[in-house]
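Please keep the sequence and the model in view while going through the points.

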Amino acid sequence: MAQVTVTIDGKAYRMACEEGQEDHLSDLAARFDQYVGHLKAQFGEIGDLRLTVMAGIMVMDELSEVNRRLKNLEAEVGNLRNSRDTNLSDQARGEEALAAALTEVTAQIQDITAKLNGRPVAPAN
């Protein structure tokens, strides 16, 4: 286990983390320290515990908003996928209908050509 010392509100805290996660933990602590610093600038010295709780609530509020937006985006992606699948299915049916129509028109053209050339018309399949 790796050890990292982080600073929150001017106080050092020694923390353990997985090997290779030291920079990530330091970054998280620095970001959290910004919340604490912001609250301290707004409210002054209101106590370490209260500042920490308020900062934690701010972080959770932002996390809640991000989760809400993520759910909305996931729903939108799901709708887009369903729409794409429906469109692809409709396109495939349209292509099949077009191919059948072209086959029919080709047969009619061959019949007309045969009649014009005085040949017997081949029976339809």
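1. Leaving out residues up to four places away in sequence, Cys 17 touches Met 1, Ala 2, Val 4, Glu 22 and Leu 25, where contact means heavy atoms within 4.5 Å. Cys 17 belongs to strand E2, residues 11-17; helices (H or I, at least four residues) and strands (E, at least two) are DSSP runs numbered from the N terminus.

2. The model is predicted: local features need pLDDT of at least 70 and side-chain atom pairs pLDDT 80 or more, while totals for chains, interfaces and linings use all residues. Residues are numbered from 1 along each chain as its sequence is written, and side-chain values use heavy atoms, without hydrogens and water.

3. Cys 17 counts as buried because its relative accessibility is 9%; buried means under 20% relative accessible area, with a 1.4 Å probe and protein chains only.

4. Cys 17 is also part of the largest nonpolar core, which has 12 residues, among them Ala 2, Val 4, Leu 25 and Ala 29. Such a core is a set of buried Ala, Val, Leu, Ile, Met, Phe, Trp, Tyr and Cys residues joined through side-chain atoms within 4.5 Å. Strand E1 (2-8), helix H1 (22-43) and helix H2 (48-116) each supply at least two of its residues, and H1 gives the most, with 5.

5. Beyond its neighbours within four places in sequence, Ala 29 is in contact with Val 6, Thr 7 and Ile 8.

6. Which residues of H2 are buried? They are Leu 51, Ala 55 and Ala 114, and their cover includes H1.

Technical notes: Buried < 20%, exposed > 50% of the residue type's maximum accessible area, 1.4 Å probe, protein only.
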